[in-house]
Amino acid sequence: MKQLRRYTEGERMTHWVVAVTFVLAGLSGLAFFHPSLFFFSNLFGGGPWTRILHPFLGLLMFVAFVLLALHHWRDNVMQEGDSEWRKKAPDLLMGRHPEMPPAGKFNAGQKILFWVLLVSMVVLLLSGFMVWRPWFEPLFPIVAQRLALLLHAAGAAVLIIMVLGHIYMGIWTKGSIRGMTRGTVPESWARLHHPRWLREMKQGK
């Protein structure tokens, strides 16, 4: 069966750096979110080391995601037909793939995910910077720090929910994970899920 190149080696490596740092930053952050979750700090050598490592893990995740975003942002710009795709999203959830409007390299749902993740990570970066002890926290008043902590928690919650949805859809849509592990997808997969992208590939775009 003919295979199509969907992601390069560099894109896949960067994606998995984002994935690994997301898990590590998430677990280290949850350790401080609530006392009942503090046991996660044992994964990082205890509370002090968890506090030290968390911002660096978050920063690495942000940088890796920005590298992905710089490469893929054009493919994630909403285009004509995406609004119709969003209206018919329930058909996709019911497994009626052929009834969906033809999608490009990324469908409207993936595009929404992309922009929500980007905004969430920017919020996490800025709010985390404001409470990063002992380097930057003294630069901001206590009221600003409290607001930053609230925004940081909200941004983290949105990020975690969206990533869990991303993982679920990747597993639920059979054949999708292959694209990010091997870099290629069968032509039949592209014809079913991203027919407009398939046409563009055949046209040499």
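How much accessible surface does the chain have, and what share of it belongs to carbon and sulfur atoms? The accessible surface comes to about 12,400 Å², and 71% of it belongs to carbon and sulfur atoms; such areas come from the Shrake-Rupley method with a 1.4 Å probe, and for residues only the protein chains shown count as cover. Keep in mind that this is a predicted model, where local features need pLDDT of at least 70, side-chain atom pairs count only at pLDDT 80 or more, and totals for chains, interfaces and linings use all residues. Residues are numbered from 1 along each chain as its sequence is written, and side-chain values use heavy atoms, with hydrogens and water left out.

Let's begin with the overall layout. The chain has nine helices and two strands, which are DSSP runs numbered from the N terminus (helices: H or I, at least four residues; strands: E, at least two). Its C-alpha trace spans about 55 × 30 × 30 Å along the principal axes. Of the 205 residues, 39% count as buried, where buried means under 20% relative accessible area, exposed over 50%, and partly exposed in between (1.4 Å probe, protein chains only).

Now look at the charges. A search of the whole structure finds four salt bridges, each being a side-chain nitrogen of Lys or Arg within 4 Å of a carboxyl oxygen of Asp or Glu. One of them joins Asp82 and Lys111 at 2.7 Å, N to O. Asp82 lies in helix 3 and Lys111 in helix 5, so this pair ties together parts that are 29 residues apart in sequence. Asp82 is buried at 3% relative accessibility, and Lys111 is buried too, at 1%.

Next, find Lys202 and Glu187, whose side chains meet at 3.2 Å, N to O. Because Lys202 sits in helix 9 and Glu187 in helix 8, the pair ties together parts 15 residues apart in sequence. Lys202 is exposed, with a relative accessible area of 55%, while Glu187 is buried at 13%. Salt bridges that share partners join Glu187, Arg191 and Lys202 into one network.

Finally, which buried residue has no salt bridge? That is Glu11, and the nearest side chain of opposite charge, Lys105, is 4.8 Å away. Glu11 belongs to helix 1, residues 9-33. Its side chain makes a polar contact with the side chain of His71 at 2.4 Å; a polar contact is a pair of N or O atoms within 3.5 Å, where within protein one must be able to donate a hydrogen and the other to accept it, and residues adjacent in sequence count only if both atoms are side-chain atoms.

Conventions. Lys and Arg count as positive and Asp and Glu as negative; His and the chain ends are not counted.
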